[in-house]
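Me: I have just opened this one and would like a walk through it before I start on my own notes. Could you take it slowly?

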Amino acid sequence: MMWMIVWIGVVALAFCVVFPFVWMILTSLKSAEEINRMPPTWLPEVWHFKNYVEAWLKPESTFERYFVNTVIIAGVGTALQLLVCVPIAFAITHFSFRGRNLIFMIVVITMLIPYDVTLVPNFVTMRHIPLAGGNNWAGDGGQGFYDSYMGMMLPFLAEAFTIFLLRQAFLSVQKEYWEAAQVDGMSNRRYLWTVLLPLVLPSLITTALLAFIGKWNGVLWPLLITSSESLRPLQVGLLYFVSEEGPNFHHLMAAATFTIAPIVLLYLFAQRWFHQGITSAGLKG
């Protein structure tokens, strides 16, 4: 009897989680008239697949442009973030130097700073980076990395949470591997790329997936650091349907489906490594 109650509770919770997405997809296939009808209908009377074509081509720069921008920002940004965070986590876990624990403590403390607090300092920094975007050596005269792909990616390359997860993953690897590599005369770089990273591959994929999702879902920072429609990502593009399209929820829901579909497919592809990474990242300190 108890298991029956638990099973019913789990099914009810699963239904609450899945229902908004199912309703979004069904709404994206309805006409504007049917969406506004009361009482609402569950299944579309006529399946309007053209809503997806219209949503893809509707905005000023077309939703296709927003999609390409998001792939560039999330894909390249995640790759650059790993290239920065992996060596940092490796140095913190495998080398003894003065201030190592202090550096890691500072990294962890930055996770406590609210995201909104960093927006203005990051904006000023991106706008006044020396010798970038027409700026002189003092950071004046141009626009720096404002309204550019680099401006959207650069402030988040050394991400504290990514460094923390990678550190935990590296600590879970037995020190015997590192000691054997040193005895064999293996270089630090070779050990990192040929021994350590393959051993923590699930955790590496997990951190990459979390970083990719974070960049894919970015709204506030891309909206602040860009002014050109041709550079803005999907999430900012969705604002077009909210502010300009008004009650045309069929286009908005079709655009929202375009936005979440790649993330769902990516998770389904990487879920095996994702689950292993979450459990094997470890609580070792």
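Reply: What follows goes from the overall build to the domains, and then to some local details.

Me: Before anything else, what kind of model is this?

Reply: This is a predicted model, and the values mentioned in this chat are computed from it.

Me: OK, how many helices and strands are there in the chain?

Reply: The chain has 14 helices and 0 strands, and reading along the sequence therefore gives one α after another, in the pattern α-α-α-α-α-α-α-α-α-α-α-α-α-α. Taken along the principal axes, the box filled by the C-alpha atoms is roughly 75 × 70 × 30 Å.

Me: And which domains does the assignment give?

Reply: The assignment gives domain 1, covering residues 1-47, and domain 2, covering residues 64-279. Their centres, taken over C-alpha atoms, are 34 Å apart.

Me: How many residues of each are in contact?

Reply: On the domain 1 side there are 8 residues in contact, and they meet 7 residues of domain 2. Between them the two domains bury about 670 Å², with 78% of that area on carbon and sulfur atoms.

Me: Which elements of domain 1 give two or more residues to that side?

Reply: Those elements are α1, residues 2-28, and α2, residues 32-35. The largest share comes from α1, which gives 5 residues to the side of domain 1 that touches domain 2.

Me: Switching topic, how many aromatic pairs does the structure hold?

Reply: There are 22 aromatic pairs in the structure, and one of them is formed by Phe-95 and Trp-178.

Me: Why is that pair, Phe-95 and Trp-178, called edge-to-face?

Reply: The planes of the two rings stand at 90°, with the ring centres 5.9 Å apart, so the pair counts as edge-to-face. It links distant parts of the chain, 83 residues apart, since Phe-95 is in the loop between α4 (63-94) and α5 (100-109) while Trp-178 is in helix α9, residues 175-183.

Me: What is the phi of Leu-131, then?

Reply: Leu-131 has a positive phi of about 60°, although it is not a glycine. Leu-131 sits in the loop between α6 (119-127) and α7 (149-153).

Note on methods: Residues are numbered from 1 along each chain as its sequence is written. This is a predicted model: local features need pLDDT of at least 70, side-chain atom pairs count only at pLDDT 80 or more; totals for chains, interfaces and linings use all residues. Side-chain values use heavy atoms; hydrogens and water are left out. Domain bounds come from an automatic or database domain assignment. Contact means heavy atoms within 4.5 Å. Buried area is the accessible area (1.4 Å probe) that two parts lose on being put together, summed over both. Helices (H or I, at least four residues) and strands (E, at least two) are DSSP runs, numbered from the N terminus. Rings of Phe, Tyr and Trp (its six-membered ring) pair if their centres lie within 6.5 Å; planes under 30 degrees apart count as stacked, over 60 as edge-to-face and the rest as tilted.
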